[in-house]
Amino acid sequence: MLLHDTGLIYGRYLRQSLRSRFALLFGVLMPLLYLLFFGPLLTDLPLGGQGSSWQVLVPGLLLQLGLFGASFAGFSVIIENGRGVVERMRVTPVSRLALLLGRVLRDATVFAFQAVLLVLAALVMGLRAPLPGVLIGFAFVALLTVSLASLSYALALKVRTPQEFGPAVNALTMPSMLLSGLMLPMTLGPAWLDVLSHLMPFRYLVDAVRDAYVGSYATPHMLYGVLVAGAFTALAVTVGTRVFRTAGA
């Protein structure tokens, strides 16, 4: 029943996303702008890592796509709550876990599609990366999307208005972006900033994907990235499901 219910919820929200093609393309606009206008500035610069500047920048942009897109996914729950959709779902026998999984799997599908568009554009710009590394990057984007979307939906059920939700998400996403090394490796900064960045779980994901993009798969960065991504996803889905149950979603 869980798989059946999840499939129903997933299909419902995926159809909504497919009907809004403008939103699908607009979601990838910001990383594309970084790619087009920021990427050429890094060409031939010593970035303190293996591979080209594109192999440093593109993994960060992929995870930036998941970070900002999934973190704001909860806006849809706030809108549905105001329209009574959440209340109508509450009285159905559908699993509360399915109500969450259907949503976050839709988000993962959408952001995986946008990630493919971003990588294709990067290939045109000059990115060269092994196919297994690119696929590993997509997997990390999907895990990041599932975890952050779960927490975003949980937060949306705890606040009442978009005016409360937006600033709270911004207060979390901006430090995460700045301290995780999405744009440039944190090893380029001072030692204290590099040490502080290790408190951010996204730092380990970024390092793992950058290793994958240069074809290094059996590295400590990859191991730490997989462990952190798996643990963070499990924790986020658990928290999201508990909030869905207690909030009567």
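Phe72 counts as partly exposed, because its relative accessibility is 23% (buried means under 20% relative accessible area, exposed over 50%, partly exposed in between, with a 1.4 Å probe and protein chains only). This is a predicted model, in which local features need pLDDT of at least 70 and side-chain atom pairs count only at pLDDT 80 or more, while totals for chains, interfaces and linings use all residues. Residues are numbered from 1 along each chain as its sequence is written, and side-chain values use heavy atoms, with hydrogens and water left out.

**Exercise 1.** Classify the accessibility of Phe75, then the geometry of the pair Phe72 and Phe75.

*Solution.* 
- Step 1: Phe75 has 27% relative accessibility, so Phe75 counts as partly exposed.
- Step 2: Recall the ring rule: rings of Phe, Tyr and Trp (its six-membered ring) pair if their centres lie within 6.5 Å; planes under 30 degrees apart count as stacked, over 60 as edge-to-face and the rest as tilted.
- Step 3: The structure holds 5 aromatic pairs. In the pair of Phe72 and Phe75, the ring centres are 6.0 Å apart and the planes are at 5°, so this pair is stacked.
- Step 4: Phe72 and Phe75 form one aromatic cluster together with Phe165.

**Exercise 2.** Work out how the rings of Phe202 and Phe232 are arranged, and which helices they link.

*Solution.* 
- Step 1: The ring centres of Phe202 and Phe232 lie 5.9 Å apart with planes at 85°, so the pair is edge-to-face.
- Step 2: Phe202 sits in helix α11 (residues 201–213) and Phe232 in helix α12 (residues 220–246), so the pair ties together parts 30 residues apart in sequence. Helices here are DSSP runs (H or I, at least four residues), numbered from the N terminus.
- Step 3: Phe202 counts as buried because its relative accessibility is 10%.

**Exercise 3.** Is Ser176 buried or exposed, and what does Ser176 touch beyond its neighbours within four places in sequence?

*Solution.* 
- Step 1: Find Ser176 in helix α9 (residues 162–179).
- Step 2: With 8% relative accessibility, Ser176 counts as buried.
- Step 3: Setting aside neighbours within four places in sequence, Ser176 is in contact (heavy atoms within 4.5 Å) with Leu67, Met200 and Phe202.

**Exercise 4.** Identify the residues through which α3 and α4 meet.

*Solution.* 
- Step 1: From α3, take Pro31, Tyr34 and Leu35.
- Step 2: From α4, take Trp54, Leu57, Val58, Leu61, Gln64 and Leu65.

Methods. Helix = DSSP H or I, 4+ residues; strand = E, 2+ residues; numbered from the N terminus.
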